[in-house]
Amino acid sequence: MPGNEGGGISQTDEDLVPYHGPIEHIFFHPLVIYPELAFDGDRMSRGYDDWFVTVKEFKAIIDSLYKHNFMLIDLNSIYELQEADGKKQTKAKELRLPKGKKPIVLSIDDMNYYDYMLQNGNANKLVIDDNGEIATYSVSPKGEKITSRDNEIVPILDDFVKVHPDFSLNGAKGLIALTGYEGVLGYRTNKKDAPNYEEEKQGALRIIDRLKSTGWSFASHGYGHLDARKVGLDRLTEDTARWKDEVETLTGPTNIYVYPFGSSVLPGDPKYAALLKAGFTVLCSVGPAPYLKWMPDSLMMDRRHIDGIALKTQQSKLVDMFDANEVLDPVRAELLDSMH
Ligand SMILES: [Zn+2]
């Protein structure tokens, strides 16, 4: 559950009404802070143009979601886990929102700050600033070491909700989907034998603690970012166990699994059963529209990818949320065109 420090309005407010419409779920990758490093014509540029959004784009999207009456909710608040005859069951929980508001879940994938991200214009890690708040540490193209609260999804949303408490139900912010193979949140907790392992682990724990008390929750994105559809049962089971051992021990328990590559496996598949057995009852894939399917023992949800591809090719599908043409940062084309 989101903590009290995150702001937002409380679900006990009397003017809430039951909501039965679709629940949007959108996801991002860590933001591009320095477009001149992301779109610099190296071999990663195309991927950055496809899969990432810039700080400016993210801010425009959030402004527009708020203007379109969306309200952030915690994915964990829409279901209940019950046990009957020794079997786990998922039950829908009534969602109550202020009249006219529409629920949206926001997730961030791969906020691990992988090695490749450090060279390509993302932050290096999350840190806690002098006021005890989450900020980023990054290195500018000129080599300046910068601590900022104005260039990543977490601090931008934290501050947005402070100013607009009616953008968040019960202080909910977003869902952070982490792998483990290069550590978490910029801390290399994967290197258990490294001399600075304990320091890295304590660093990660401090951030996780603060995130959890300010409305953020966590999901598994697998340990090694494997495609669940393509790998065998044994490999998926091993990968899941390793995630639980190395990452869940830091984040705390979660029921949510976010498939890497927007992949998925279906009920009836032994791999689906293996994910359930590992404790994942909410399984998130990727799709073009809100999709939520309740199974007796689990729930499947699609998320919409918000990135360069979506901004350039899915304008009409996104129009309920924002005008993609207005959001698209011209700096992408300016930089990439200048490379030819
Ligand atoms: Zn991913």
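Helix α5 (residues 153–163) is largely enclosed by the rest of the structure, because eight of its eleven residues are buried. Buried here means under 20% relative accessible area, exposed means over 50%, and partly exposed lies in between (1.4 Å probe, protein chains only). Helices (H or I, at least four residues) and strands (E, at least two) are DSSP runs, numbered from the N terminus. The buried residues of α5 are I153, V154, P155, I156, L157, D158, F160 and V161.

This is a predicted model, in which local features need pLDDT of at least 70, side-chain atom pairs count only at pLDDT 80 or more, and totals for chains, interfaces and linings use all residues. Residues are numbered from 1 along each chain as its sequence is written, and side-chain values use heavy atoms, with hydrogens and water left out.

## Zinc site

Which residues coordinate the zinc ion? They are D110 (OD), H221 (NE2) and H225 (NE2), at 2.1 Å. Donors are N, O and S atoms within 2.8 Å of the metal (3.2 Å for Na, K and Ca); water is not among the atoms, so sites may look incomplete. The spacing of the donor residues in sequence is D-x110-H-x3-H. D110 and H221 link distant parts of the chain, 111 residues apart. D110 sits in the loop between β7 (102–109) and α4 (115–118). H221 sits in the loop between β12 (217–220) and α7 (233–251).

D110 has a relative accessibility of 5%, so it counts as buried. H221 is buried too, with a relative accessible area of 1%. The backbone of D110 also stands out: its phi is near 60°, a positive value in a residue other than glycine. Most residues other than glycine have a negative phi.

## Largest pocket

D110 turns up again at the largest pocket, where the residues closest to the centre are H29, W51, D110, H225 and F261. The pocket holds about 400 Å³ of space and is lined by 22 residues. On a 1 Å grid over the protein atoms alone, a pocket is an open set of points where a 1.4 Å probe fits, with protein on both sides within 12 Å along at least five of seven lines; lining residues have an atom within 4 Å of a point. Grid points are joined across faces, edges and corners, and the volume is the space filled by probe spheres set on the points.

The lining divides into 13 nonpolar, five polar and four charged residues. Ala, Val, Leu, Ile, Met, Phe, Trp, Tyr, Cys and Pro count as nonpolar, Asp, Glu, Lys and Arg as charged, and the others, Gly among them, as polar. α2 (45–51) and α4 each supply at least two lining residues. α2 gives the most, with three.

## Aromatic rings

The structure holds eleven aromatic pairs. Rings of Phe, Tyr and Trp (its six-membered ring) pair if their centres lie within 6.5 Å; planes under 30 degrees apart count as stacked, over 60 as edge-to-face and the rest as tilted. Two of the pairs are tabulated here.

| Pair | Centre to centre | Angle of planes | Type |
|---|---|---|---|
| W243 and F280 | 6.1 Å | 65° | edge-to-face |
| Y257 and Y259 | 5.5 Å | 80° | edge-to-face |

W243 and F280 link distant parts of the chain, 37 residues apart. W243 is in helix α7, and F280 is in the loop between α8 (270–277) and β14 (282–286). W243 is buried, with a relative accessible area of 0%. F280, at 0% relative accessibility, also counts as buried. Y257 and Y259 are buried as well. Y48, F52, Y114, Y116 and Y181 form one aromatic cluster.

Charges also sit over rings. This requires NZ of Lys or CZ of Arg within 6 Å of the ring centre and within 35 degrees of the ring normal. K102 lies over the face of F70, 4.4 Å from the ring centre. The charged end of R303 sits over the ring of F27, 3.9 Å from its centre.

## Partly exposed residues

N69 lies in the loop between α3 (55–67) and β3 (70–72). Its phi is near 70°, a positive value in a residue other than glycine. N69 counts as partly exposed, at 37% relative accessibility.

Q89 belongs to strand β5 (residues 87–92) and is partly exposed at 33% relative accessibility. Q89 and M295 are 206 residues apart in sequence and 8.6 Å apart in space, C-alpha to C-alpha.
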